[in-house]
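Here is a friendly walk through one protein model, from its aromatic rings to its cavity. Keep the viewer open and follow along.

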Amino acid sequence: MTSHGTSPSATAEGTPRPGGTGVLAGRTVSRIGYGAMQLERLHADRGAAVALVRRAVELGVDHFDTAQFYGDGFVNEVLREALGTADDAVVVTKVGATPDPGGPLPLRLAQRPEELRTDVEDNLRSLGADRLAVVNLRRADTGPGLRAEGDQLVDIDDQLAVLTALRDEGKIGAIGLSAVTLDGLRRALPVGIACVQNSYSLVSRTDEDMLRLCVAEGIAWVPYFPLGGAFPGMPKVADESAVRSAAAALGATPAQVGLAWLLHHAANVLLIPGTADLGHLEANIAVGGLALDGAEAAALDAVPSRSADHVRLG
C-alpha cells in the first residue's frame with residue numbers, strides 16, 4: 001500500500017513502480033508483480049527463496065500471487081518470512097485446489113464450498129495473516145488445465161456465497177476469479193470482482209471480450225501463462241517472427257517483448273511473471289522500461305491468436 005507522503009508513482013519503499021501504476025482491489029500497485037509458484041523449486045534452499053522475494057521488493061514489486069497449494073504451504077511461508085507483517089505489499093491468494101502429491105498432477109480440484117472455506121483458513125495460517133487482501137476463486141471452466149467432474153462440478157453462485165460470507169467475516173478483503181468464462185464473470189459481477197486471472201498471451205487472445213468487460217468494470221486483468229507454451233500444444237510467444245524482430249530491434253529478449261505487449265495492450269493489465277532465478281527476475285522487472293513504437297506494436301497486434309483450450313490435463 002502506498003505510504004502517506006509517498007508518490008503513487010513509487011512504492012512504499014520509494015522505488016519507481018515497474019511498468020507504471022495499476023489498481024488492484026482499490027490499492028495502488030506496480031503493474032509488474034511477481035507470481036510466486038516457482039519458488040517451490042527452491043524448496044531445498046529456503047534462504048535463496050526469501051532473498052529472491054526481498055529482491056523483488058527492492059526492484060519495485062508490491063503485489064504477489066500465491067496459493068496454499070504451491071509447494072503445500074512452502075511458498076506462502078516464504079512470503080510470510082520475506083515480507084513480514086507490513087501492509088506495504090498486496091498478497092493475492094488462490095483457492096479451489098489442494099495439494100495431491102501422490103496424484104498424476106501435484107494438485108487436485110477442491111471446488112466445494114466447504115473446501116473453499118478450509119482453503120481460506122489454510123492460507124491465513126501459512127501466511128500468518130488475519131485477513132487475505134484478495135482471494136481468487138480458481139474455477140475449472142476453461143483451459144488449459146484441470147476440468148471439474150463429479151462432485152467438483154459446483155455452481156459458481158454457491159462458491160461466491162461462501163467467499164462473500166468470508167469477506168463479511170473480515171477474512172477476505174476482495175474476491176477475484178481465475179480460469180473463468182465470460183458468462184461466469186457476468187454472473188459474478190454483482191458480488192464485486194477485483195481481478196480476473198485467465199490464461200492469456202499475445203498468441204492466445206480468445207478472452208478479448210472478457211478483457212474488454214474488465215476494462216469497462218474497472219477489474220484488473222492478470223494473465224497467467226503470459227508467454228504461452230506452458231503445456232504441450234500451446235503456442236509460444238517466443239516462436240513468433242514478429243516477436244523476435246521486435247526483440248532484436250529493442251535489444252531485448254522475446255520473453256520481454258511478449259510481456260511488454262501485454263502492458264501495452266490494455267491499461268488494466270497487471271503482470272505476475274514467475275521465476276526462481278534472480279537474473280530472470282531482473283529481466284522481467286526491466287520490461288517496465290521497454291517501449292513499443294507504433295510499428296512494433298502494430299506488427300505484434302497482427303500476430304494471429306490460436307486457442308489453447310484443447311489442451312487438457314487431469
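## Ground rules

Buried here means under 20% relative accessible area, exposed means over 50%, and partly exposed is what falls in between, with a 1.4 Å probe and protein chains only. By that rule S204, at 7% relative accessibility, counts as buried.

This is a predicted model, in which local features need pLDDT of at least 70 and side-chain atom pairs count only at pLDDT 80 or more, while totals for chains, interfaces and linings use all residues. Residues are numbered from 1 along each chain as its sequence is written, and side-chain values use heavy atoms, with hydrogens and water left out.

Helices (H or I, at least four residues) and strands (E, at least two) are DSSP runs, numbered from the N terminus. S204 sits in the loop between β10 and α6. Its C-alpha atom is separated by 9.2 Å from that of L227, although the two residues are 23 apart along the chain.

## An aromatic cluster

Rings of Phe, Tyr and Trp (the six-membered ring for Trp) pair if their centres lie within 6.5 Å; planes under 30 degrees apart count as stacked, over 60 as edge-to-face and the rest as tilted.

W261 belongs to helix α8 (residues 254–265), 61 residues from Y200, and the pair links distant parts of the chain. W261, like Y200, is buried. Together, Y200, W221 and W261 form one aromatic cluster.

The buried residues of α6 are E208, M210, L211, L213 and C214. Their cover includes α5 (182–188), β10, β11 and α8. Just after the helix, G218 adopts a positive phi of about 70 degrees.

A nonpolar core is a set of buried Ala, Val, Leu, Ile, Met, Phe, Trp, Tyr and Cys residues joined through side-chain atoms within 4.5 Å. The largest one has 80 residues, and those with the most contacts inside it are L39, F64, V120, L163, L177, L185 and V196. Contact means heavy atoms within 4.5 Å. Neighbours within four places in sequence aside, L185 has contacts that include M210, L213 and C214. A second, separate core has twelve residues, among them V90, A174, A194 and V222.

## The cavity

On a 1 Å grid over the protein atoms alone, a cavity is a set of points where a 1.4 Å probe fits but cannot get out, and lining residues have an atom within 4 Å of a point. Grid points are joined across faces, edges and corners, and a volume is the space filled by probe spheres set on the points. The structure holds one cavity of 30 Å³ or more, and the largest cavity has about 40 Å³ of space.

Its lining includes F64, C195, V222 and I272. Strands β4 (63–65) and β10 (193–197) each supply at least two lining residues, with the largest share, three residues, coming from β4.

Technical notes: 1 Å grid on protein atoms, 1.4 Å probe; cavity = no way out; pocket = protein on both sides within 12 Å on 5 of 7 lines; lining within 4 Å.
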